[in-house]
Amino acid sequence: MKNFLPFALPLIGEDEITEVVDTLRSGWLTTGKKTVQFESDFAEFVGASHALAVNSATSGLHLALEAVGVGAGDKVITTTYTFTATAEVIRYLGADPILIDIEPDTFNMSPEKLRQAIAENDNIKAIMPVHFAGQSCDMDEILAIAKEHDLKVIEDAAHALPTTYKGTTIGSISDITVYSFYVTKTIATGEGGMITTENKEYRDRMKTMRLHGINRDVFDRYTSDKPSWFYEVVEPGYKYNMTDVAASIGIHQLKQANAFQQRREWIANQFNEAFADLPMMTPSVARPDDTHAWHLYVLQLDLDKLTVNRDKFIELMAKENIGTSVHFIPLHLQPYWRDRYNYQPEDYPVALDVFNRAMSLPIYPKMTDDDVQNVINAVKKVSKEVLK
Ligand SMILES: *Cc1c(COP(=O)(O)O)cnc(C)c1O
């Protein structure tokens, strides 16, 4: 392949561009009617009662934990196989993450390990399942455990738009769900996120904390009949609101969310078929009732059959002009988390093994059929070169 194929790229169309220009010409750049529209479109799309737009999923996860009452000395359970954002927000509030291991097929939270962590720890307040790659966690099991122990559930759905679990779209199942519109995610606004909840109290709290702890946001102030200069600060809140520029992109990205998912699923199916006989394991597919968002396509190399390790395989893919990545470097191997909690690599054997063998391939709707074929050809060629 002549040109390098990046690991991820957004697909931005004329509708997004026109909407952004309209917003720029209007003079209202920050949170306003475009954000309100994006929130209501999003709530409808996932079937949630309330949606709040924020400037990132990280902000959203922070607001969610704060709203359910996580504070200093509390513990929150999540997995080691995630992006650091999932765990860092727990530290923002002075609480500690309890990292657990994953299922070897889905890389999602292991319910068995969840039960074990609850039995071994005090002061647990919440559980944060991560729908890895856009495949739903076993939510019935996780929600049953949460109920049994009176714990809150906050879903990290950064990969999971659109994802369904037993026929229900992720977004209204647990206490709070948080999505990401970071540029590499399934729909993109550059930076951005969305929070959904069925709980009006959580929604009100997060809405206030999203904007400095002020009880009316700017848009309300300038459109209601109270004097526009008046506001009340009720908490030391954060600055996590979404701009109308970002929402302008989001409104039109959301309209394509299902079409984008179908294209990614098609690419995943092409890959699965092409790699079936190669020395690698293709990703687990969704349960029959579920929709997999296919944010990521993670191969696990069968290192016993290869002369090289994963890092070298990735180098050889780059020589074929194919960008790849690794999801994830487990948190317990990262200096901050490792040193603070004194983790050893073998503390999480499944995550460690998956990490050593994992390679993520490009999977995004901007890829042409030729791009998909080029990725397949490169994986086949490199596999052949390094076969024992
Ligand atoms: C990308 C990502 C986040 C953070 O999303 P931002 O919108 O960039 O803050 C959180 N969790 C997971 C699992 C992610 O992949």
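The largest cavity is lined by residues from both domain 1 (14–257) and domain 2 (258–386), and therefore lies between them; the domain bounds come from an automatic or database domain assignment. The model is a predicted one, in which local features need pLDDT of at least 70, side-chain atom pairs count only at pLDDT 80 or more, and totals for chains, interfaces and linings use all residues. Residues are numbered from 1 along each chain as its sequence is written, and side-chain values use heavy atoms, with hydrogens and water left out.

A search of the whole structure gave 2 cavities of 30 Å³ or more. A cavity is a set of points, on a 1 Å grid over the protein atoms alone, where a 1.4 Å probe fits but cannot get out, and lining residues have an atom within 4 Å of a point. Volume is the space filled by probe spheres set on the points, with grid points joined across faces, edges and corners. The largest cavity holds about 170 Å³. Its lining comprises 20 residues, with Leu9, Thr184, Lys185, Ile363 and Tyr364 nearest the centre.

The second largest cavity has a volume of about 90 Å³. Of its 13 lining residues, Thr106, Phe132, Ala133, Pro283 and Ser284 are the closest to its centre. Because domain 1 and domain 2 both contribute to this lining, the second largest cavity also lies between them.

Seven strands form an open sheet of mixed pairing, in the order β1-β9-β8-β5-β4-β2-β3. Strands (E, at least two residues) and helices (H or I, at least four residues) are DSSP runs numbered from the N terminus, and two strands pair if DSSP finds at least two bridges between them. The edge strands of this sheet, each pairing on one side only, are β1 (50–54) and β3 (96–100). Within the sheet, β5 (residues 152–156) and β8 (residues 176–180) run parallel and are joined by 3 bridges; Glu155 stands opposite Thr177 in β8.

A further open sheet consists of 3 strands in the order β10-β11-β12, with antiparallel pairing. Its edges are formed by β10 (280–281) and β12 (358–361), each of which pairs on one side only. Strand β11 (residues 297–301) is joined to β12 by 4 bridges, and Leu299 has Met359 in β12 as its bridge partner. Helix α10 (residues 257–275) packs on this sheet, touching β10, β11 and β12, and its direction makes about 15° with that of β11. Contact means heavy atoms within 4.5 Å; axes are lines fitted to C-alpha atoms, for helices over the stretch in contact, and angles run from 0 to 180 degrees between N-to-C directions.

Terms used
1 Å grid on protein atoms, 1.4 Å probe; cavity = no way out; pocket = protein on both sides within 12 Å on 5 of 7 lines; lining within 4 Å.
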